[in-house]
There are 2 protein chains.
Amino acid sequence: MRLGGTLSSARIAYETWGRLNDRADNAILILTGLSPSAHAASSPDDPEPGWWEDMVGPGKALDTERFFLVCANSLGSCKGSTGPASRDPETGQPYRLDFPMLTLEDVANSAREVVRQLGIGKLHALVGPSMGGMSALAYAVMHPGEARHLVLISCAAHATPFAIALRSLQRELIRSDPSWEGGAYPLDREPVDGMKLARKLGMITYRSAAEWLERFGRDRVPDDRRGPGPFPMEFQIESYLQHHADRFTGGFDANSYLYLSHAMDLFDIAAHGDGVEGALARVRAERVLVIGVETDLLFPLWQQRELARGLEAAGPAVSFQALPSLQGHDSFLVDTERFGEVVGGFLRET
Amino acid sequence: MRLGGTLSSARIAYETWGRLNDRADNAILILTGLSPSAHAASSPDDPEPGWWEDMVGPGKALDTERFFLVCANSLGSCKGSTGPASRDPETGQPYRLDFPMLTLEDVANSAREVVRQLGIGKLHALVGPSMGGMSALAYAVMHPGEARHLVLISCAAHATPFAIALRSLQRELIRSDPSWEGGAYPLDREPVDGMKLARKLGMITYRSAAEWLERFGRDRVPDDRRGPGPFPMEFQIESYLQHHADRFTGGFDANSYLYLSHAMDLFDIAAHGDGVEGALARVRAERVLVIGVETDLLFPLWQQRELARGLEAAGPAVSFQALPSLQGHDSFLVDTERFGEVVGGFLRET
């Protein structure tokens with residue numbers, strides 16, 4: 001691992017769609033945001049809709065009739081890949097906080113092992129939204145020339161102090177839950193309250209003030225759903241956050257969340273060169289698509305503009321798209337009409 | 001109280017500066033944000049610097065040589081006015097959650113009692129930043145013609161769902177601290193952990209991403225201040241938030257915070273008329289100054305623009321100032337050079 005420590009036998013969960021052609025040159029690797037699994041889309045093996053269902057499939061933006069799609073679950077996650085909740089073969093116990101400090105470079109390198117195991121020498125494209133965009137950037141900088149095209153979505157060369165503050169507080173909310181037990185909670189008894197609070201803060205940063213103004217305004221919850229006490233649930237926006245918090249917890253290991261969230265704060269592409277520009281100059285790709293969203297609080301538009309400018313100076317033809325989507329950082333998951341058009345258009349021309 | 005319940009004997013703490021003239025027509029009332037006391041500036045009685053020290057004094061924007069300044073601590077606060085931590089004369093115990101549901105209309109009306117007790121029939125001006133701006137708006141709408149001039153700073157006709165989400169989560173952080181004890185904590189044993197978390201989230205919303213980028217960037221804390229454990233304090237921005245959280249707690253009653261924060265969410269000037277415009281049409285003032293800040297996340301600029309337009313339609317001459325201050329919602333406390341010039345200029349012409 002980049003910051004020290006080793007994993008004696010790590011597993012990376014992945015799923016594939018479409019068929020690798022004989023020249024093995026039609027593969028696209030998708031790296032994910034913090035919480036998604038490798039299940040980007042439904043398949044005969046697993047008909048459940050995936051987290052990017054509208055983007056991945058026959059005739060869709062990531063066209064499985066033309067491309068061989070691979071989506072890797074991040075190292076450190078709890079969705080099949082080795083993470084803090086996995087059993088350490090040396091002790092027989094879950095790693096918990098003995099899991100080595102994780103970086104997005106480790107996430108990228110372990111996903112690259114999947115690519116190599118599949119017999120792919122050079123990716124047709126590397127696609128990453130959010131944290132996955134940072135991991136993709138690390139991949140492209142550390143392994144120049146191994147991806148012909150890059151699609152970097154709502155990501156950045158490094159986190160702003162504002163984004164760090166918000167994620168640091170989310171981690172503190174989890175660690176402040178007595179049920180976290182210093183990371184040693186039984187795996188079937190998660191620190192649910194802390195995770196719910198962290199998820200609420202997360203949702204506040206993933207969406208946008210403009211979207212909520214339009215969707216909820218000052219709408220109230222019906223009287224029979226306000227709940228008891230002197231500070232009941234009053235507004236629909238509170239009910240929306242509660243709903244998302246309830247849905248998230250139980251599905252994600254708290255320590256995994258801490259490691260991955262921390263890795264996002266630590267990530268700084270500048271460490272791979274003499275500053276951001278020096279690092280980006282190492283990228284060898286034919287064409288790059290950088291997409292940002294006007295309402296993104298967490299990865300504001302100037303950060304994608306910085307990436308686009310730096311990559312352009314490095315050589316590739318760069319297309320920069322600033323989308324007016326209302327859903328903030330989460331737009332790539334929600335406004336798939338706009339994203340599909342831009343990503344699909346880019347890939348059709350490759 | 002507006003939403004039911006009564007206080008048998010409420011006290012409102014206030015301070016004054018300067019001298020009320022013989023016609024009693026040079027008084028300016030300042031209503032405050034959520035946490036400040038009535039101590040806006042130092043005085044012979046209390047030489048400690050006040051929360052608006054740079055704005056209030058001889059020759060300053062709020063010129064105590066010309067005006068008689070009054071600053072009232074909000075009803076429901078814990079800085080001298082009657083609030084949830086005050087003793088209920090009927091039971092001899094603190095009110096705690098038996099304190100009646102508080103609204104900013106109650107805050108405005110109780111501050112008006114101070115004005116009347118001081119023998120002031122008509123205010124020269126009513127000044128309110130943040131929550132104090134909402135209270136001032138309530139005052140001006142409920143008591144038309146009782147203030148000749150209005151200075152409304154970084155406030156709004158009502159909170160956006162985004163601001164409600166952030167405040168609702170702050171309140172939940174306090175209530176989630178086991179030491180809150182359903183509001184029944186001993187007054188010398190506050191839910192300090194919950195208050196610190198809420199304060200951190202508050203600070204994130206009071207400042208701006210642009211300010212932190214400039215001040216902190218990705219600066220690290222020195223190794224000897226990182227603290228123990230696998231998730232130590234890493235970045236200066238985290239240390240800054242910790243510092244503010246440590247400084248705040250112990251100084252503010254948790255239940256007071258809950259009541260005042262909740263009152264901000266409930267506030268809606270539209271309730272005083274047929275919508276926002278109808279309510280603003282009730283204001284009778286000669287001139288109004290509305291100030292907003294470009295980097296304010298909590299009360300974005302369009303909300304002050306909405307106020308300015310609505311008030312202009314109602315009759316008064318309105319001056320609208322959009323300031324480029326970097327410090328977000330807190331700018332009125334920090335960028336007193338810009339604010340002083342605008343507020344001082346406005347008052348000199350009255």
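Taken over C-alpha atoms, the centres of domain 1 and domain 2 of chain A sit 26 Å apart. This is a predicted model, in which local features need pLDDT of at least 70, side-chain atom pairs count only at pLDDT 80 or more, and totals for chains, interfaces and linings use all residues. Residues are numbered from 1 along each chain as its sequence is written, while chains are lettered from A and ligands numbered from 1 in the order in which they are written.

Domain 1 of chain A covers 14-160 + 267-348, and domain 2 covers 163-257; such bounds come from an automatic or database domain assignment. Where the two touch, domain 1 of chain A puts in 20 residues and domain 2 of chain A puts in 16 (contact: C-beta atoms, placed from the backbone, within 7 Å). On the domain 1 side, there are nine nonpolar, nine polar and two charged residues. Here Ala, Val, Leu, Ile, Met, Phe, Trp, Tyr, Cys and Pro count as nonpolar, Asp, Glu, Lys and Arg as charged, and the others, Gly among them, as polar.

Now for a single residue. A:His243 belongs to helix H6 of chain A, residues 236-248 (helices are DSSP runs of H or I, at least four residues, numbered from the N terminus). A:His243 is exposed because 11 other C-beta atoms lie within 10 Å, and exposed stands for 12 or fewer, with C-beta atoms placed from the backbone. The C-alpha atom of A:His243 is 9.8 Å from that of A:Lys196, although 47 residues separate the pair along the chain.

Then there are the two copies.

Definitions and conventions
Helices (H or I, at least four residues) and strands (E, at least two) are DSSP runs, numbered from the N terminus. A residue is buried if 20 or more other C-beta atoms lie within 10 Å of its own, exposed if 12 or fewer, and partly exposed in between; C-beta atoms are placed from the backbone.
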